[in-house]
Amino acid sequence: MARRNDTIVTEFFLVAFTEHPEWRLPLFLIFLSFYLLTLLGNTAMIILIRKDHRFHTPMYFFLSHLSFVDICYATVIVPQLLAVLLEHGVLISEARCAAQFFLFTFFASIDCYLLAIMAYDRYVAVCQPLLYATIMTEKDRLVLVVGAYVAGFCSAFVRTVTAFTLSFCGNNEINFIFCDLPPLLKLTCGESYTQEIVIIVFAVFVMPVCIVVILVSYSFIIVSIMQIRSPGGRAKTFSTCASHFTAVALFFGTLIFMYLRDNSGQSSEGDRMVSVLYTVVTPMLNPLIYSLRNKEVKEALRKVLSGSRASGKP
């Protein structure tokens, strides 16, 4: 195979969906609407949790942080994606690319840890209800959340420093929706085996460890639910976990497809569509998933909406 030229790359030209230029305007409008819904839905969830005393519980404490992280997570990706679609490509420096990759990895890692913590929270609530108040104290849940942020920072820092000590040469075009690792690795030149091993080790540490925690927690939860004799009690207990499990399946399913498989081929159109799911769609759907299947949240929303309508009357 012919070797590409060795011109060192210090800037990247970010493009997306170049195979279908007629998609640019429709995609711009769709992604803009999704982003606005993400901001609106997650901000509303945070305000609702903070203002309503019924939601001052560990589960909703974790959910408020998940909503905050989803806002940050989408903000790192979507505004630049909109600029790429509007301007038919954006030229970005290596430092800006590294910053986006760091922030994406940081918030994505926190998302993984928070979903694992929330699975553990549901396990304690369902399987150890008498010990729940003792285990999930205000101090303990704060320690868990701070730990998620610290672990996310460490993972993102190591992966970013390792990735951007690589040399990039030849073609500087990234045909993807943001500065992600798989398309970046295709632009490297020289020896990169050690860096790739470090990156993979940290990816394996974050994702599979969180998945194991979630699977083990839900295995115990399912066993406990099956032991409930009352069909009504069984359905009620299951409904408290269904929203979280739906969010987990959507988020981790797309991440597994992207990162725990061989990426030696060129970035495909399918890869870009999958990346849209976990960067654009999932942050928008999370508040809907947690509100539509939760009677308390729906009642609180109805109360807020009815109150705002009443206050608007002359």
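I began with the rings: Tyr73, Phe104, Phe176, Phe178, Phe251, Phe252 and Tyr278 form one aromatic cluster. The model is predicted, so I note that local features need pLDDT of at least 70, side-chain atom pairs count only at pLDDT 80 or more, and totals for chains, interfaces and linings use all residues. Residues are numbered from 1 along each chain as its sequence is written, and side-chain values use heavy atoms, with hydrogens and water left out.

I found 20 aromatic pairs in the structure (Phe, Tyr or Trp rings, six-membered for Trp, with centres within 6.5 Å; stacked under 30 degrees between planes, edge-to-face over 60, the rest tilted). Phe102 and Phe106 are stacked, because their ring centres are 6.0 Å apart and their planes are at 5 degrees. Phe251 and Phe252 are edge-to-face, at 5.6 Å between centres and 80 degrees between planes. I checked burial (under 20% relative accessible area, 1.4 Å probe, protein chains only): Phe102 and Phe106 are both buried, and Phe251 and Phe252 are buried too.

Next, the helices (DSSP runs of H or I, at least four residues, numbered from the N terminus). Phe102 and Phe106 are 4 residues apart in helix 3 (residues 94-127), so about one helical turn separates them. The axes of helix 2 (residues 58-87) and helix 3 come within 9 Å and cross at roughly 160 degrees (lines fitted to C-alpha atoms over the stretch in contact, angles from 0 to 180 degrees between N-to-C directions). I therefore log helix 2 as roughly antiparallel to helix 3 (over 145 degrees).

Notes
Helices (H or I, at least four residues) and strands (E, at least two) are DSSP runs, numbered from the N terminus. Buried means under 20% relative accessible area, exposed over 50%, partly exposed in between (1.4 Å probe, protein chains only). Angles under 35 degrees count as roughly parallel, over 145 as roughly antiparallel, 65 to 115 as roughly perpendicular and the rest as oblique.
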